[in-house]
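The following report concerns one protein model and is arranged by topic. Please view the sequence and the structure together before reading on.

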Amino acid sequence: MRTITICGSMKYEKEMPAIAFKLETKHGYNVLQCVYNVEKEELTSLEARALKEAHYKKIDISDGIYVVDIEEYIGDSTREEIRYAREHKKEIILHSSYDL
């Protein structure tokens with residue numbers, strides 16, 4: 001079983017858990033997800049940094065990333081994650097080109 005980290009804009013926070021579910025149940029991936037701030041709490045810069053570092057650690061331990069690019073939208077943070085994944089020789093799978 002391959003491990004992937006799901007990456008994408010928080011504008012797709014409602015879609016990403018459903019996508020992760022399909023990736024695990026239908027395609028046999030082990031999916032690491034970001035932490036969703038469902039309560040919309042205001043974060044300190046230290047908290048935001050901790051979340052970012054944790055997300056990049058997930059990429060480090062993954063075989064690749066799965067980019068949720070609905071309507072081909074990729075935000076700045078996700079572009080940074082793609083760049084990081086490329087630099088670390090991780091597979092990059094785009095949602096727009098994957099059959100879910």
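Which residues in α2 meet which residues in α3?

## Basis of the model

The model is predicted, so local features need pLDDT of at least 70 and side-chain atom pairs count only at pLDDT 80 or more, whereas totals for chains, interfaces and linings use all residues. Residues are numbered from 1 along each chain as its sequence is written, and side-chain values use heavy atoms, with hydrogens and water left out.

## Contact of α2 with α3

Lys52, His55, Tyr56, Ile59 and Asp60 in α2 meet Ser77, Glu80, Glu81, Tyr84 and Ala85 in α3 (contact: heavy atoms within 4.5 Å; helices: DSSP runs of H or I, at least four residues, and strands: runs of E, at least two, both numbered from the N terminus). The residues of this contact comprise 4 nonpolar, 2 polar and 4 charged (Ala, Val, Leu, Ile, Met, Phe, Trp, Tyr, Cys and Pro count as nonpolar, Asp, Glu, Lys and Arg as charged, and the others, Gly among them, as polar).

The axes of α2 and α3 cross at roughly 35 degrees and come within 10 Å (axes are lines fitted to C-alpha atoms, for helices over the stretch in contact; angles run from 0 to 180 degrees between N-to-C directions).

## Sheet and packing

Four strands form an open sheet in the order β2-β1-β3-β4, with parallel pairing (two strands pair if DSSP finds at least two bridges between them). The edge strands, β2 (30-32) and β4 (91-94), each pair on one side only. Strand β1 (residues 3-8) is joined by 5 bridges to the parallel strand β3 (residues 64-68); Ile4 stands opposite Gly64 in β3.

Helix α2 (residues 45-61) packs on the sheet, touching β1, β2 and β3, and its direction makes about 140 degrees with that of β1. Helix α3 (residues 76-87) also packs on the sheet; α3 touches β1, β3 and β4, and its direction makes about 155 degrees with that of β3.

## Largest pocket

The largest pocket holds about 580 Å³ of space (a pocket is an open set of points on a 1 Å grid over the protein atoms alone where a 1.4 Å probe fits, with protein on both sides within 12 Å along at least five of seven lines; lining residues have an atom within 4 Å of a point; points are joined across faces, edges and corners, and a volume is the space filled by probe spheres set on them). Of its 25 lining residues, Met10, Cys34, Val35, Leu51 and Glu81 are the closest to the centre.

Helix α2 supplies the largest share of the lining, 7 residues. The lining divides into 11 nonpolar, 7 polar and 7 charged residues.
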